[in-house]
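Biologist: I'd like to talk through some charged side chains with you. Can you put the model up first?

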Amino acid sequence: MGCVGTVVAAGLASSGHNVLGVDVDHERVAALHTACPPFYEPGLAERMALALERGTVRILRQEQVDEDLGDVAVITVGTPPDQGTCVDLRQVREAVSWIKNTNPRDLVIAMKSTVPPGTGMELMGSELLGTGIGYVANPEFLREGQAIRDWDCPDRIVIGAAPDEVRAVETVKRMHAGIDAQLLVADVTSAEMIKYANNAFLATRISFINEIAAICDSLGASIDAVSEGLALDSRNGVRIYAGMGYGGSCLSKDVEALDMLSRDGGMKAELLQAVAQVNRRQRLLPLRVLQERFSGSLSGVKIGVLGLAFKPGTDDVRDAPALDLIRELAAEGALVASFDPHADGTVQGRLPPSARPVDSVQEAAEGAQALCLVTEWEEIVRADWPAVARSMAPPRLVFDGRNALDLNEMRRLGVEYVGIGRNGIGRERSVIVTELAGCSDNSAGGRNDS
């Protein structure tokens, strides 16, 4: 009943299914009993409250369960990175073992946890062999910050099963009844691979546009015009945005895992290695800009960092670019004030002692010689920037790590504005072209989501 499991439980309950949510974390179970998920996900608390009121969802601690688990057991436990084997599957194996020992009759396991390709076939040939329990790979594609919408209106539903698992496939199809989406039925390993390939493709797109942005800066081109031009080609999909790279619990882990799996298979995934390398470089771009602007020494320089979560719409700070940046700034002796509208709680204990959390953009800007926008929260992008600029101290440098601010407005306010791939010409021409072409919807769907 973490980020994925709670959304799945609430979504299934709202579809009319009877849902039992199970977790080993007593505090989490207690919080969910009051419809207060211990993480920020827009709309989830309201949906969970409605399901609890209707009685379509119950939430128990693992040791409290003494009943038939029903038709489907959906596994949504964590699969964190593991240095030696690319992914730590202990929670998955414990969940499978518990289901096998708890359920007295046949059911279907729907595996939504992200597991390496081949895991399902291995489980079916070992732990589940001869048990009568069906197995389906059923990867999730929920974006943090938009998870409720993604559950209600997914792009696709993927079901991976062995050829003789007709009953399991039909059961999982019924589980998703009422959701209007394209259905893809594949073998187990291919379904697992779809999840990894999907995340690797998203990561590649992000690193690609960031590489193009670096070239734009060196040649005096505008990444805004270039990214809009790319989006006008229907083969390229929605517009992608340059920024400080990807973070979160999925993309980095899955790119690394896929690279390791390829090496185990005797090949070298050079593109994926380059994707990861570009991403590592990207998140420290503001550090290099600041070092250059302050003549190599950041000791005593007051810097505000705006945004801690790895993207807006969530309080998740796992592998967040902001944390890497703040650690490096603190190591350089900078005086850091950080602000995030929702991640203050989740970031506790993860920041160096010299980094001071504050309650607003304005407070982060007070006396700051530089600001780094790392997460494009609406509260940050739509802040009172004239007042923010007045609060800052010279040289009033603003590093826009998500190209979320209007560069012309920033320069009009008298700040030293630095974007990513925007440091040559302005963006007026690209805006005019978009309006003439009538293709302003190409950016729909948000920025580089995972």
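Biologist: Is Asp-324 buried, exposed or partly exposed?

Modeller: Buried means under 20% relative accessible area, exposed over 50%, and partly exposed in between (1.4 Å probe, protein chains only). Asp-324 has a relative accessible area of 27%, so Asp-324 is partly exposed. By the way, this is a predicted model, where local features need pLDDT of at least 70, side-chain atom pairs count only at pLDDT 80 or more, and totals for chains, interfaces and linings use all residues. Residues are numbered from 1 along each chain as its sequence is written, and side-chain values use heavy atoms, with hydrogens and water left out.

Biologist: Got it. Which residue forms a salt bridge with Asp-324?

Modeller: A salt bridge here is a side-chain nitrogen of Lys or Arg within 4 Å of a carboxyl oxygen of Asp or Glu. For Asp-324 the closest N and O atoms are 2.9 Å apart, and the partner is Arg-283.

Biologist: And is Arg-283 buried or exposed?

Modeller: Its relative accessibility is 5%. That is why Arg-283 counts as buried.

Biologist: What about Arg-90: which residue does its side chain meet in a salt bridge?

Modeller: Arg-90 itself counts as exposed, at 58% relative accessibility. N to O, the two are 2.7 Å apart, and the partner is Asp-88.

Biologist: How many salt bridges are there by this rule?

Modeller: Side chains of opposite charge can pair when their charged atoms come close. Among the pairs here is Glu-122 with Arg-93, at 3.1 Å. The count comes to 29.
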